[in-house]
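Trainee: I'm new to this one and would like to know where the labels come from. Can we go through them together?
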Amino acid sequence: MTDKIDDDTITSVDNSVEKLPDHLLIEIFIRVPISDWAQISCVKKQWANLFRGECLWQAALIKTYPLAGQAKRWPGPIPRGLSRRRFTALYISKHSFALDGDIDELVGHTYLFLKEQLELSSMAPPSAILHGTIIDQFIACGKSNDMAHELASQIWLAVLDSLDENENTFWLLKSFAQEGDVFLPYPYSRSTKVQWRVFEKLFTDFRDCFSHVDYYDVLACAKNKFQLIPSAWLGY
């Protein structure tokens, strides 16, 4: 009898939820932990459509980041996008790049821009072009040269560390490592920390991907860029 009551109760609750209008479902969903959103969106087609639409993300943006509604559109080559992208950018900025407690939406958008360029492009632009685009964006939004260079470096390091360990990433990093040195004025000059990370990942995470010739070509590039290289990078 108890099992029958429990089943009836569950069925009744399910039916009640199904009858809720979209705006009430949205108010419920945006109060659920973000980690559960992917699972919720798989329950019903109606719910999946809500997570694909603009209304839910706009409500989530206002609830989670109240000041986001006051943000003005910025100039520069990297667009802000709709509510879902803005929410994602703010989430990344808060959890990965919170600088002195501040949340800078532009930092999150720049991270997304660079990650997409490296992951989705069949042939990514040269790193100098990508770096210059990021610097231009920060300067257009009023960042100083020093701040633009520092933020760009942090974003590059974070994106490089987030890339999957696959063949595409290996060829991407290898192409960056073998790029010729081009003199660019500060802050457009590429960060030494970023260049070091490229070689570090190649000689540690992707060591087994090298052919004999490729290994010594990339090692020669590393020796040209840095006065000293770790002994761990040596030996094919």
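Trainee: How do you know that the span of helix α6 agrees with what 1.5 Å a residue should give?

Mentor: First, a word on the source: this is a predicted model, where local features need pLDDT of at least 70, side-chain atom pairs count only at pLDDT 80 or more, and totals for chains, interfaces and linings use all residues. Residues are numbered from 1 along each chain as its sequence is written, and side-chain values use heavy atoms, with hydrogens and water left out. With 14 residues (83–96), α6 should span 20 Å, and its end C-alpha atoms are 20 Å apart, so the two agree.

Trainee: And what makes a helix a helix here, numbers included?

Mentor: Helices are DSSP runs of H or I with at least four residues, and strands are runs of E with at least two, numbered from the N terminus.

Trainee: Which residues of α6 are called buried, and what do they pack against?

Mentor: Buried means under 20% relative accessible area, exposed over 50%, and partly exposed in between, with a 1.4 Å probe and protein chains only. In α6, Ser 83, Arg 86, Phe 87, Ala 89, Leu 90, Ile 92 and Ser 93 are buried. They pack against α3 (37–40), α5 (54–64) and α7.

Trainee: Why is α6 called roughly perpendicular to α7?

Mentor: Their axes cross at roughly 105° and come within 7 Å. Axes are lines fitted to C-alpha atoms, for helices over the stretch in contact, and angles run from 0 to 180 degrees between N-to-C directions. Under 35 degrees counts as roughly parallel, over 145 as roughly antiparallel, 65 to 115 as roughly perpendicular, and the rest as oblique. That makes α6 roughly perpendicular to α7. The contact (heavy atoms within 4.5 Å) includes Arg 86 and Ile 92 of α6 and Tyr 111 and Phe 113 of α7.

Trainee: Why does Asn 168 count as exposed?

Mentor: Asn 168 sits in helix α10. Its relative accessibility is 64%, which is over 50%, so Asn 168 counts as exposed. Its C-alpha is 9.4 Å from that of Leu 118, 50 residues apart along the chain.

Trainee: And why is Lys 223 just partly exposed?

Mentor: Lys 223, in helix α12, has 49% relative accessibility, so it lands in the middle class, partly exposed. Leaving aside neighbours within four places in sequence, Lys 223 is in contact with Ile 229 and Leu 234.

Trainee: Which residues does a cis peptide bond join?

Mentor: Tyr 186 and Pro 187, with omega at about 10°. Pro 187 lies in the loop between α10 and α11. Most peptide bonds are trans.

Terms used. The expected span of a helix is 1.5 Å times one less than its number of residues.
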